[in-house]
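Please look at the sequence and the three-dimensional structure shown here.

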Amino acid sequence: MDTLNDVVFGTMYYQHSWSKQESILLFDKAYKIKITAQAYKGDGITDSQRESYKNYRNFLENNKERIEQELLKHCQKFYECNETLESILTPTEILFEKDGSWGVLFESSYDREHGLAFFVKDNKMLIDSQDIFL
């Protein structure tokens, strides 16, 4: 397995993309998730990915209420449920695309096959099934 010590991401391991494990706080709960920087074999991490990684925690913190409201609205509309987000969604990965867009991927108790994701591209937040973004 290839290893990279990136100046921003830190130590990353290559298996189809660069990745590592990290803890994040979502829905007022700590989760251990995979951090992934998309890359083809032999490619490094892009400057756009580094910039997104530097900023993603601030985005999550500064937009916490909006993110939770939008996720809840999406779940109520498409899953027709009235449960709490933490009972429906489990974050599994934060994916940093080569173009600088990034997103949080969730397992969903209502859609085990497709899951759910919210992506940030050009400071706009999009929510849909993971299939749309992957």
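The following questions and answers concern one residue and then the whole chain.

The model is predicted, so local features need pLDDT of at least 70 and side-chain atom pairs count only at pLDDT 80 or more, while totals for chains, interfaces and linings use all residues. Residues are numbered from 1 along each chain as its sequence is written, and side-chain values use heavy atoms, with hydrogens and water left out.

Student: Is Ser17 buried or exposed?
Tutor: Buried means under 20% relative accessible area, exposed over 50%, and partly exposed in between, with a 1.4 Å probe and protein chains only. The relative accessible area of Ser17 is 7%, so Ser17 is buried.

Student: With which side chain does the side chain of Ser17 make a polar contact?
Tutor: A polar contact is a pair of N or O atoms within 3.5 Å; within protein, one must be able to donate a hydrogen and the other to accept it, and residues adjacent in sequence count only if both atoms are side-chain atoms. At 2.6 Å, the partner of the Ser17 side chain is the side chain of Gln38.

Student: How many helices and strands does the protein chain have?
Tutor: Helices (H or I, at least four residues) and strands (E, at least two) are DSSP runs, numbered from the N terminus. The elements run β-β-β-β-α-α-α-β-β-β-β-α. The totals are four helices and eight strands.
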